[in-house]
Amino acid sequence: MPTDLILIRHGETDWNRELRFQGHIDVPLNDTGHEQARRLGLRLAGETVHHIACSDLLRTQQTAAPAAQQLGLPVRTTIELREQSFGVGEGLRAEEIQARHPRAWEDWLAFQADRALPGGESTREFHARVMAALGGIAEQHAGRVVLVVTHGGVLDMVWRTARSLGLDGPRRSEIPNAGVNRVRIADPARPEAVEILDWADTAHLTGLGPQPSYDQSRHLKRG
């Protein structure tokens with residue numbers, strides 16, 4: 001039986017606004033992020049959801065909380081839904097990584113699947129972790145609807161997989177904070193066959209102003 005996943009990127013943080021690499025650092029939502037989470041909860045109220053899975057980082061838990069209250073469900077956290085680890089780059093902006101770790105930065109700019117910032121995960125390692133986690137969720141909740149509150153990088157892995165884009169190159173999908181994304185996994189043993197049903201729905205965020213734009217391709221232009 002297929003499992004439907006409602007995938008949510010966490011709400012906005014100050015580090016999103018500053019375009020800092022967050023990775024595994026526990027950064028809280030800012031005021032805008034809390035308002036996005038509140039609106040998300042209202043948006044999902046009344047939907048049929050059977051389970052909530054969430055990254056164990058604070059920004060995702062804070063995003064999930066209003067929806068969990070509306071739906072009357074507990075939030076189950078897991079480290080497997082964390083953002084990609086960026087090693088020495090975490091907490092820094094692109095220009096700061098370039099200044100402190102110039103060779104590592106130039107290597108990262110290749111956007112190749114098996115390269116990583118020192119101490120971090122490669123895209124291939126990250127992708128394997130993400131898809132295994134989603135496959136496990138689909139297996140445990142076959143035939144049900146699961147709300148998954150996670151990170152932009154996780155959603156990028158799902159988008160690339162569904163669109164057969166491969167793991168090389170910069171991010172090409174739109175992944176707004178607190179947007180609603182719906183996918184279906186028909187066979188838990190084959191999560192790579194994930195199907196996108198809807199993507200980047202932000203109707204509930206109307207009037208909150210433009211979001212910070214995380215455009216990886218801008219680094220290529222500088223490089």
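Me: Is Q84 buried or exposed?

Reply: The model is a predicted one. Q84 lies in the loop between β3 (75-78) and α4 (94-100). Buried means a relative accessible area under 20%. Because the relative accessible area of Q84 is 10%, the residue falls in the class buried.

Me: How far apart in space are Q84 and R59, C-alpha to C-alpha?

Reply: Along the sequence, Q84 and R59 are 25 residues apart. Between their C-alpha atoms, the distance in space is 14 Å.

Me: Which side chains make polar contacts with the side chain of E12?

Reply: E12 is found in the loop between β1 (3-9) and α1 (14-17), and it counts as buried because its relative accessibility is 3%. Beyond residues up to four places away in sequence, E12 touches R17, L29, N30, T32, G33, Q36, N177 and P212. At 2.8 Å there is a polar contact with the side chain of R17. At 2.9 Å there is another polar contact, with the side chain of N30.

Me: What distance separates the C-alpha atoms of E12 and G120?

Reply: E12 and G120 are 108 residues apart along the chain. Their C-alpha atoms are separated by 23 Å.

Me: Why is helix α7 described as largely enclosed by the rest of the structure?

Reply: The helix spans residues 152-162. Its buried residues are G152, G153, V154, L155, D156, M157, V158, W159, R160 and T161. These pack against β1, α6 (123-140), β4 (145-150), β5 (180-185) and β6 (195-201). Helix α7 is therefore largely enclosed, the buried count being 10 of the 11 residues.

Me: Which element gives the largest share of the largest nonpolar core?

Reply: The largest nonpolar core has 27 residues, and those with the most contacts inside it are L5, L134, I137, V148, V183 and W199. Two or more residues come from each of β1, α6, β4, α7, β5 and β6. The largest share is seven residues, and the element giving it is α6.

Me: How many residues make up the second, separate core?

Reply: This second core is separate, and L40, L44, C54 and L147 are included in it. Its number of residues is 15.

Me: What phi does F111 take, and is the residue buried or exposed?

Reply: F111 has its place in the loop between α5 (102-108) and α6. Most residues other than glycine have a negative phi. F111 is not a glycine, yet its phi is positive, at about 50°. Because its relative accessibility is 8%, F111 counts as buried.

Me: What relative accessibility does A178 have?

Reply: A178 lies in the loop between α7 and β5. Although not a glycine, A178 has a positive phi of about 65°. A178 counts as buried, because its relative accessibility is 0%.

Me: What is the C-alpha to C-alpha distance between G209 and T32?

Reply: G209 sits in the loop between β6 and α8 (217-222). Because its relative accessible area is 48%, G209 is classed as partly exposed. G209 and T32 are 177 residues apart in sequence, whereas the distance between their C-alpha atoms is 9.6 Å.

Me: How much space lies in the largest pocket?

Reply: The lining consists of 12 residues, of which E174, I175, P212, S213 and Y214 lie nearest the centre of the pocket. By class, the lining has four nonpolar, four polar and four charged residues. The space in the largest pocket is about 270 Å³.

Definitions and conventions:
Residues numbered from 1 in each chain as written. Predicted model: local features only at pLDDT ≥ 70, side-chain atom pairs only at ≥ 80, totals over all residues. Heavy atoms only, no water. 1 Å grid on protein atoms, 1.4 Å probe; cavity = no way out; pocket = protein on both sides within 12 Å on 5 of 7 lines; lining within 4 Å. Points joined across faces, edges and corners; volume = space filled by probe spheres on them. Nonpolar A, V, L, I, M, F, W, Y, C, P; charged D, E, K, R; others polar. Helix = DSSP H or I, 4+ residues; strand = E, 2+ residues; numbered from the N terminus. Buried < 20%, exposed > 50% of the residue type's maximum accessible area, 1.4 Å probe, protein only. Polar contact = N/O pair within 3.5 Å; in protein donor to acceptor, adjacent residues only side chain to side chain. Contact = heavy atoms within 4.5 Å. Core = buried A, V, L, I, M, F, W, Y, C linked by side-chain atoms within 4.5 Å.
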